[in-house]
Amino acid sequence: MINQYKFEDEPELKDLFITVDDPESHITAIETFITYRVVTKTSRGEFDSSEYEVRRRYQDFVWLKSRLEEAHPTLIIPPLPEKFIMKGMVERFSDEFIETRRKALHKFLNRIAEHPTLTFNEDFKIFLTAQAWELSSHKKQGPGLFSRMGQTVRAVASSVIGGGVKDRPDMFTDINDYMETFNQKINLIDKISQRIYKEERGYYCEMKEYGPIHTLWCASEEDLVDSLKGVASCIDKCCKATENRMAGLSENLLPALHEYVLYGEILTGVLKRRDQIQADLDSKVDALSNKKTEKDLLTEEIGNLEDKVECANNALKADWDRWKQNMQHDMKTAFLNVAENNIHYYEQCLATWESFLTSQTVDLHLGEDSEDKP
């Protein structure tokens, strides 16, 4: 059994470690897809072994997410990367695309593992431990297509009819208002950040062509050879610094922002599902006031729905506080990383050009002194 250990910022011992790595391409007559190795190490008693290694494809992750949403409709399920991550910026099945997706899938599983409720979900355990044929067999035991369609139609209908619920607690009205503003802001920041990245990439490509031109220029300007080579060297160093800054944007800022764009959609859905549960309760209460027959049956249904609403409210309240704290930490970390990378970038470029100018000034003075001597 692996040793448990405690992080400084974590109140409880961490007993579940998940790694997503080793992407592998599969080409069949029907499709081409990627599988990822999922390695799990744990000291939990409900697992039969301390270590598991399985391979999963993207569709398996989609299945897990849908099962978690069915089992915990008012919990905030972490988002999966979209079918095409940052469409237009990377090609499907390119190394960059695969690595971006691998990181996102790794984060998805670890967010579930760190969640106080989702981490103990049985489907999550099966996802981590079952071999491919076992998982395939387990998938067939889930709800059918028409059952899922019925849930979807019901949710859409509830959002259309009336547009709200009676006596929604103020807290959830505030959350709904907060998410409307949050979604607008995070979507705008996400679009601007992607535009900045594209402009930075264009600048980088032009700079890569700009440096060699000075090297070629040396052939026709014998007196400027050293200066032109120095300029070419400075441009090359700044080009590499720009490449590092682009890597910081694509690896840290862009994924963090887009993850919370997806979180915004998820939270909107969670709030609708909470409202649906309360709407069911409201409809039964109205039915009870209008019917004299079946009173006992309606009273029992109302009691069950009241318990369901209370559970949904408590689950969402706890998850909301947890999500908001994580969001603020992730956003702060992402923007601080960008600021630090930018400072390092400009300092590096400034030092490169200052060093070059200093060397040119020294050479100029030496040349003037040698001309003054008899």
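Reply: In this predicted model, a search of the whole structure finds 18 salt bridges (a side-chain nitrogen of Lys or Arg within 4 Å of a carboxyl oxygen of Asp or Glu). One of them joins Glu31 to Arg57, with the closest N and O atoms 3.0 Å apart. Distant parts of the chain are linked by this pair, whose members lie 26 residues apart. Glu31 is in the loop between β1 (16–27) and β2 (32–42), while Arg57 belongs to strand β3 (residues 51–57) (DSSP runs: H or I of at least four residues for helices, E of at least two for strands).

Helix α1 (residues 58–71) packs with helix α2 (residues 95–114) at an angle of about 30°, and their axes are 12 Å apart. The helices α1 and α2 are therefore roughly parallel to each other (under 35 degrees; over 145 is roughly antiparallel).

For helix α6 (residues 170–217) and helix α7 (residues 225–290), the axes come within 7 Å and cross at roughly 160°. The helices α6 and α7 are therefore roughly antiparallel to each other. Helix α6 is also where Leu188 is found.

Residues are numbered from 1 along each chain as its sequence is written. Local features need pLDDT of at least 70, side-chain atom pairs count only at pLDDT 80 or more, totals for chains, interfaces and linings use all residues, and side-chain values use heavy atoms, with hydrogens and water left out.

Methods:
Axes are lines fitted to C-alpha atoms, for helices over the stretch in contact, and angles run from 0 to 180 degrees between N-to-C directions. Angles under 35 degrees count as roughly parallel, over 145 as roughly antiparallel, 65 to 115 as roughly perpendicular and the rest as oblique.
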